[in-house]
Amino acid sequence: MLAAEKLAGGIDVFTDLVGRATSWLALAIALVMGANVLLRYAFSIGFIWAQELEWHIFVPICLFGMSYALLHKEHVRVDVLFQYFSPRNKHAVEIVSAFIAMAFCLIVIWLSVPYVYQSWSIGEGTANPGGIDHRYIVKSLIPIGFAIMFLQSLSEAIKSYAAMRKA
């Protein structure tokens, strides 16, 4: 079990590093959105590329932030019944939840790879004149984000299993 716990620790360090790096994008999106609003309402100026940049920044925040939130227990969980469970049962629920999350991640990865491949093969860009090209790069973050989520869910399962054995 020691090797699995080391693996979980390594995954946690990786997820934390990715999450901290991605968190800087929150500042970027706030600045871009603020500038877009200021330009639009104060000067009646708007740029298609600036509006598209907002969601280009938002995508990694969501896809990488979900794993970071899971690592730091900031995800949504319904505690109505969970709070009354014994520590051992709580860990069992966490393990089952982690495996469900891993299965979901594998499904999303499996379904998104052909979607991303198609986008790369046609060199997908924007449909809007003056927008941001290379949309396929942003779409590539879908399987990457869910792969990180898969790894973090695996880490949570390992940690919960170790804690359940000790409880």
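Tutor: Gladly, and keep in mind that this is a predicted model. Let's begin with glutamate 124: its relative accessibility is 18%, so it counts as buried, since the cut-off for buried is under 20%.

Student: Which residue meets the side chain of glutamate 124 in a salt bridge?

Tutor: That is lysine 139, with 2.7 Å from N to O.

Student: How many salt bridges does the structure hold?

Tutor: There are six. One of them joins arginine 135 and glutamate 52, whose closest N and O atoms are 3.8 Å apart. This pair links distant parts of the chain, helix H5 (residues 135-139) and helix H2 (residues 48-71), 83 residues apart. Arginine 135 and glutamate 52 are both buried.

Student: Is lysine 73 buried or partly exposed?

Tutor: Lysine 73 is partly exposed, because its relative accessibility is 49%. Its side chain meets that of glutamate 156 in a salt bridge of 2.4 Å, N to O. Glutamate 156, in contrast, has a relative accessible area of 7%, so it is buried.

Student: Which residues are linked with Lys73 and Glu156 in a network of salt bridges?

Tutor: Asp12 and Lys159. The side chain of aspartate 12 also makes a polar contact with that of serine 155, at 2.6 Å. Serine 155 lies in helix H6 (residues 141-166) and is buried, because its relative accessibility is 0%.

Note on methods. Residues numbered from 1 in each chain as written. Predicted model: local features only at pLDDT ≥ 70, side-chain atom pairs only at ≥ 80, totals over all residues. Heavy atoms only, no water. Helix = DSSP H or I, 4+ residues; strand = E, 2+ residues; numbered from the N terminus. Buried < 20%, exposed > 50% of the residue type's maximum accessible area, 1.4 Å probe, protein only. Polar contact = N/O pair within 3.5 Å; in protein donor to acceptor, adjacent residues only side chain to side chain. Salt bridge = Lys/Arg side-chain N within 4 Å of Asp/Glu carboxyl O.
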